[in-house]
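Notebook open, structure loaded. I want to look at a pocket, a metal site and a bit of sheet.

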Amino acid sequence: MPEHMTLQADETAGIDAYRRTRAYTERICAPLENDDYQVQSIVETSPPKWHIAHVSWFFETFLLAPFLPGYRPFHPRFAYLFNSYYETVGSMHPRPQRGLLSRPTVEEVYEYRAYVDEHMLKLLSSPPETRRDDILFRLQLGLNHEQQHQELLFMDIKHNFSVNPLLPAYRTDLQVEAGNARPVRWVEYSGGIQRIGAEGPGFHFDNETPRHGVLLNPWRLADRLVTNAEYLAFVQDGGYQDPRLWLADGWHVIRQREWHHPLYWSESDGEWWEFTLGGKRPLAPYQPVCHLSAYEADAYARWAGKRLPTEAELEYALDGHPLEGNFADSDYLHPRAASNEGQWYGDLWNWTSTPYSAYPGFRPLDGSMGEYNGKFMANQMVLKGGCCATPAGHTRASYRNFFYPHDRWAFSGVRLAEDG
Ligand SMILES: [Fe+2]
């Protein structure tokens, strides 16, 4: 086990965390009807049924099969159906066809979850002493993996529902914030050689390591995200019609896909609306603009005479703030207006201008779990901070989320930066 993955948890804490995390996934799915579990609206999303089976496959493959003596898989073909991208484990069902799996049924997938849970609790209650560290490390990885899929469930359910002309609400009882916009305050940073990345005993993914020095020039960051009202001014100023504002790839994407505004916005009779997990709502001017691609975030920043922050600039700033914010447990499932203290963690993932690539000296985890992060280090961009659909406690300053620059179904937004 790599040094940076040292575990603090013992078996009892592990069992509690396992129970809590697995139960939360099922709470997220509780408002769904059986029909909702089946939908895959675009190739990037997965049906909820696939998500909740896949996270169970992860525990079955990386914990139960190697460590629980005599374990028999729940179903001989589930390893094929619910492997996501682990080529070293075996072949897999094509991702774009996950929505075609009407079998196993939702009920059978819940039986699969219960079977995996029963055996996981057996393993965790008496782990073989010689493999204890490996088991506890893989448990933590599996739980963090399931948390990532919890956020994906919110994202994917939202997209799945958005393509239905009935625009169903995932939840009708979500809190709705009545807020106010407030001016941006600019925070100055002096630059110099700063250290970024993770080290020490707390859990982090391999892609956050090793911690290392970076040279930063003086910079300033907005203390909150860009709002809907600010972004609407860009739309109404012809931002989507002016090629001078766009990266060439971005201009190509918005022309080809006929994008004229953020995902989930619509306009009728001069009124702007936004589709949310609580259904269609009037566009709230004071809330952060969300579901932007990196191209849109970048074009907005250029229009505003600013730029996107780099990953290092944002990580350094996040490190100076408490790890608090509007996460999934706040139960808005939508970004909120910035408070007077500023807006740092939560609400929306901040696009950065930094490509997702390896830190100097990066070493992926050994074996199949090395496929978790490292092999995706091409053509994607880093986002930081966490969002309103991120499980509380799942993110941190060094956390590196990543999406392709054209992706916009994640809860992504824009924070402005400028040179100091
Ligand atoms: Fe996964």
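Predicted model: local features only at pLDDT ≥ 70, side-chain atom pairs only at ≥ 80, totals over all residues.

I began with what the largest pocket is made of, by class: its lining has 16 nonpolar, 14 polar and seven charged residues.

Next I looked up the pocket's dimensions. The volume of the largest pocket comes out at about 920 Å³, and 37 residues line it. Nearest its centre I found Tyr 85, Arg 95, Leu 152, Phe 402 and Phe 403. I then checked which elements give two or more residues to this lining, and got α2 (48–67), α5 (132–162) and β12 (401–403). Helix α5 supplies the largest share, seven residues.

Then the metal. Which residues are the protein donors of the iron ion? I got three histidines, each through NE2: His 54, His 145 and His 149, lying 2.2 Å from the iron ion. I wrote their sequence spacing down as H-x90-H-x3-H. His 54 sits in helix α2 and His 145 in helix α5, so by definition of the numbered helices I have a pair linking distant parts of the chain, 91 residues apart. Are these two buried or exposed? I have both His 54 and His 145 down as buried.

Last stop, a strand pair. I see β6 (residues 271–276) and β7 (residues 279–282) pairing in the antiparallel sense, over four bridges. For one bridge I noted the partners: Thr 276 goes with Gly 279 in β7.

How values were computed
Residues numbered from 1 in each chain as written. Heavy atoms only, no water. 1 Å grid on protein atoms, 1.4 Å probe; cavity = no way out; pocket = protein on both sides within 12 Å on 5 of 7 lines; lining within 4 Å. Points joined across faces, edges and corners; volume = space filled by probe spheres on them. Nonpolar A, V, L, I, M, F, W, Y, C, P; charged D, E, K, R; others polar. Donors = N, O, S within 2.8 Å, 3.2 Å for Na, K, Ca; no water. Buried < 20%, exposed > 50% of the residue type's maximum accessible area, 1.4 Å probe, protein only. Pairing = 2+ DSSP bridges.
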